[in-house]
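Hi,

Here is the structure I promised to pass on. Have a look at it first, and my notes follow below.

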Amino acid sequence: MKYVFFSDIHGNLEALESVISFLRREKPDFSVFVGDAVGYGADPAGVVSLLQALPFPLSSVAGNHDWAVLGKTDIDCFNPMAREAVLWTADRLRQCHFSFLESFPLVFGKDEFKVVHGSLYRPDRFYYIFSSTDARRCFDLLQKKICFVGHTHCPGIYACGKNAVRFFSGEHLRLCRGWRYLVNVGSVGQPRDRDPRACLCSYDSVKEIVSYHRLEYNIASAAAKIRKAGLPLFLAERLLLGC
Ligand code: ZN
């Protein structure tokens, strides 16, 4: 089976369109969206509508920004820019968009993998996995071979063997027997690893290979819409920098 995982679109329609073109080309057997359809970007309704109308199977999990616009998480713990964007976004969504976001579970499982936006440890708290210690807490709850996550907007893979947790970056990783993996799929609409191209991840369960893909998209257009919408200017600038 060939799977594609993508996360953290954050209202960036141009970036999502590049992902849809990739999916049409690559024709995976199954795709999973790892959360945060909205927040930060200027096209939340367009993004949610496009996800709703995909002509191929897609499962999704909820991100903290999806929960925030639904009023399911306290935005007092968001930074001021994120909070402003959540309120702006909630004003631009209609009932059909809210219902779609509401349908996202916190955790999704299929075959040999689980999917969660932040961590399997208290998924409703959306903890970040930035270190081996954070990763261990998630591995302790992982009973399958792989867990795909998003949330940090930084691609990378933690591997857990008998006595060690190791971190891998790079374009491809061949999985080994007896190890379990925590794969951060990066961000489609607001990458923060200094590469501004949209990031997504594929998994070939026959070859046991995880691969990252970077896609060019019209960043200038997405950034211009953020400025025109009156959202914080840094939200436009960071798209160009990938930070
Ligand atoms: Zn995010």
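In this predicted model, the largest nonpolar core has 50 residues, of which Phe6, Ile9, Leu16, Val19, Ala37, Leu51 and Leu101 touch the most other members. Such a core is a set of buried Ala, Val, Leu, Ile, Met, Phe, Trp, Tyr and Cys residues joined through side-chain atoms within 4.5 Å, buried being under 20% relative accessible area (1.4 Å probe, protein chains only). Helix α1 (residues 13-26) gives the largest share of this core, 7 residues. Another core, of 23 residues, lies apart from it, with Tyr3, Phe30, Phe113 and Cys201 among them.

Leu51 is in contact (heavy atoms within 4.5 Å) with Phe6, Ile9, Leu16, Phe33, Ala37, Leu58 and Phe100, leaving aside residues up to four places away in sequence.

Now the helices, which are DSSP runs (H or I, at least four residues) numbered from the N terminus. α1 and α2 pack at about 20°, their axes 9 Å apart, with axes fitted to C-alpha atoms over the stretch in contact and angles running from 0 to 180 degrees between N-to-C directions. That makes α1 roughly parallel (under 35 degrees) to α2. Leu13, Leu16, Glu17 and Ile20 of α1 meet Gly46, Val47, Leu50 and Leu51 of α2.

For α2 (residues 44-52) and α5 (residues 95-102), the angle is about 60° and the axes are 10 Å apart. Ala45, Val48, Ser49, Leu51 and Gln52 of α2 make this contact with Cys96, His97, Phe100 and Leu101 of α5.

On conventions, residues are numbered from 1 along each chain as its sequence is written, and side-chain values use heavy atoms, without hydrogens and water. Local features need pLDDT of at least 70 and side-chain atom pairs count only at pLDDT 80 or more, while totals for chains, interfaces and linings use all residues.

Best wishes

How values were computed: Helices (H or I, at least four residues) and strands (E, at least two) are DSSP runs, numbered from the N terminus. Angles under 35 degrees count as roughly parallel, over 145 as roughly antiparallel, 65 to 115 as roughly perpendicular and the rest as oblique.
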